[in-house]
Amino acid sequence: MEKEKTKFGIKDQVGYVFGDLAGSMVNLYIDMYILTFCTYVLGIDARWMAGLFLFAKIWDAINDPLIGSLPDRFMIGKSGNRFKPYIKIAMFPLALSVLMCFANVSSWPSFMKHAWVAVAYIIYGMSYTGTSMPYGAMASAITRNPQERTKLSRARSLGGTAVGVLFLPLVPMVIWNEDQSAKPEGFFMMAVISCVACLVFYTILLACTTERYQTVSKTPSQNGGENYKFFDVLRNAVCNRPLIGVMIASLGNSIASASMGSMSSYLYKEYYHAPRMMALTSPLSIPILLICFPLIPKLAQKFGKRTVILLSVVYNFVFSMCLFLFPISNPYVYMILSTVANAGQTAFMMLIWSFVTDCIDYQEYKTNQRADGTLYSIYTFSRKIAASVTHSGATYLLALVGFVSGAQMQAAGVGEGIRNIATVMPAIACVVEVLGIGLIYNLNKNKTEQVYQELQRRYAEETK
C-alpha cells in the first residue's frame, strides 16, 4: 500500500499549487471569456451557445466516471505512479484546445464556424477531464493525514486564485479596444499564453509531487484492482450522504462562479459601460486572500471545516442580498463591495476539496473498498452537470432580458436586467450551499477524526 518515499512537505504543496495553476490557466480563461468571444467576435447567438454549453457539459459529465475510473482500473507506465501518467497524456490536448476555442474564424461560413466552436469546446471539456480527474484524486495518494489534505485543498484554491489575480485581470485590457469594441487578436494572444503556461505548470506539478500510497482496492495488480467493481462503487456512492451534500453545495458554488465570472463581464460592459474595469476586480481580492490563506486552515482545525464554511456562506448571503436590493450606480463602489462579499466563496473554495477526500475516506470506512479516481470523478460529474445547468441558464437569461449578440448597442433595460441577474445569483448560490453542507453533509469535526483513526488502524493491521 505505501511506498517508502520522502515525507509530505512544502514541495508537495508547491507542486499541487502549480497543478491547479496549469488547469486554471485554460479552464478559467475559457469559462470566463468563450461566451464573450463567440458573441462579440464570431457573432454567434447566445441561445445557441447556451445549447452548446448544456450538451457539452452533460456529455463531459457522462464520461467523467469513465475517464476517472481508469486509474483505479489500469496502472500505465513503469513509474509505479497511478495518476501522474494520465496527466502527462491529457495535458497536451488541453493546451491545444484553448488555441482552438479562441481562433478567429469569423470569416468562415456559418455552419463551419459553429461546428469549429462546438468541436473545440468538446475537446476542451474531455481533455480537461483527463487532467483534472487524476490531479484531484492524487491528493489521497500524496497523504492520508486530514490536516495535510486541508493544506493541499488550500494549495489548490491558491492556484486558481493566483490565475484570477495575476492573469485574468490582464485579459480585459487586451481584448477590448478604446472604443469598447472587441479585439480578436487579443483573445488569441491570451490563449497562446494560457497554452504555454499550462504545459509548463503541469510539468512542475509532475516533478514536485510524490504519490506515496496505492489508493485502489486491497489487492492491486498491474492491470487494476482485483476487487474493483465500478458498479459496486457507484451503488455505494449513491448512499454516501456526505458526498451527496458536497455535490449539492458545489451546485451553489457553480452559480456563484458564473456570477463572478462571465456574468460580471457583461455587467461591467452593459450596465456600467466600463468593460476594462474587470481588470481591477481580481487585484482587489489580494488583501482578502492574504487574510484567508493562513487563517482559514487554522479556523478549520479549531472549529471544524463544516462550521467555517457555513459561517462564510451566511456572511456571503447577507452581503449579496444587499447588493441585489440596493442598486449601486458607481462601478468602483460596487466593485469593492462585491469583492468583500465574495470573501465567503474564497473560504468555501479553500476547504471544499478536502471535503471530497473526507467523503472518499468515509466510503472506505463504510465499505472497506477504496477507489479514489472513481469517487472523485463521480463528484466532478455533479460539478459539471451543475456548471452546464448554471452557464446555460445564465446564458438563456441574457437572451431573456434582450441581449443581442454582435449588436453595437443594446436596447434600453438590458443593462438593468443583467445587473439583476449578476447580483441575485450569489445569494441563490449561498442558499444552495447551506442546503448541501448544513442539512445533508453529516461529517462534523469529531466524526471525521473518528473515520481517520479507524482507517489508520486498518492500514496498520494490513502491514503487520
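A salt bridge here is a side-chain nitrogen of Lys or Arg within 4 Å of a carboxyl oxygen of Asp or Glu. By that criterion, the whole structure holds eight salt bridges. This is a predicted model, in which local features need pLDDT of at least 70, side-chain atom pairs count only at pLDDT 80 or more, and totals for chains, interfaces and linings use all residues. Residues are numbered from 1 along each chain as its sequence is written, and side-chain values use heavy atoms, with hydrogens and water left out.

**View 1. Arg 156 and Asp 20 form a salt bridge.**
Their closest N and O atoms are 3.9 Å apart. The pair links distant parts of the chain, 136 residues apart. Arg 156 sits in helix H7 (residues 146-166) and Asp 20 in helix H1 (residues 10-40). Helices are DSSP runs (H or I, at least four residues), numbered from the N terminus. Arg 156 is buried, at 5% relative accessibility. Asp 20 is buried too, at 10%. Buried means under 20% relative accessible area, exposed over 50%, and partly exposed in between (1.4 Å probe, protein chains only).

Glu 416 is partly exposed, at 33% relative accessibility. Arg 419 is buried, at 4%.

**View 2. Glu 454, Arg 457 and Arg 458 are linked in a salt-bridge network.**
The side chains of Glu 454 and Arg 458 meet at 3.0 Å, N to O. Both residues lie in helix H19 (residues 445-462). They are four residues apart, about one turn of the helix. Arg 458 is buried, with a relative accessible area of 18%.

**View 3. Helix H10 packs against helix H17.**
H10 covers residues 230-238 and H17 residues 372-400. Their axes are 10 Å apart, at an angle of about 50°. Axes are lines fitted to C-alpha atoms, for helices over the stretch in contact, and angles run from 0 to 180 degrees between N-to-C directions. H10 is therefore oblique to H17. Angles under 35 degrees count as roughly parallel, over 145 as roughly antiparallel, 65 to 115 as roughly perpendicular, and the rest as oblique. On the H10 side, the contact is made by Phe 230, Val 233, Leu 234 and Ala 237. On the H17 side, Thr 374, Leu 375 and Ile 378 take part. Contact means heavy atoms within 4.5 Å.

**View 4. Gly 304 lies in the loop between helices H13 and H14.**
H13 spans 286-303 and H14 spans 305-325. Gly 304 is buried, with a relative accessible area of 4%. Leaving aside neighbours within four places in sequence, Gly 304 is in contact with Leu 299 and Lys 445. Gly 304 and Lys 445 are 141 residues apart in sequence, yet 4.9 Å apart in space, C-alpha to C-alpha.

A disulfide is a pair of cysteine sulfur atoms within 2.5 Å. For Cys 195, the nearest cysteine sulfur is that of Cys 198, 7.1 Å away. Cys 195 is buried, at 12% relative accessible area, whereas Cys 239 is exposed, at 64%.

Technical notes: Helix = DSSP H or I, 4+ residues; strand = E, 2+ residues; numbered from the N terminus.
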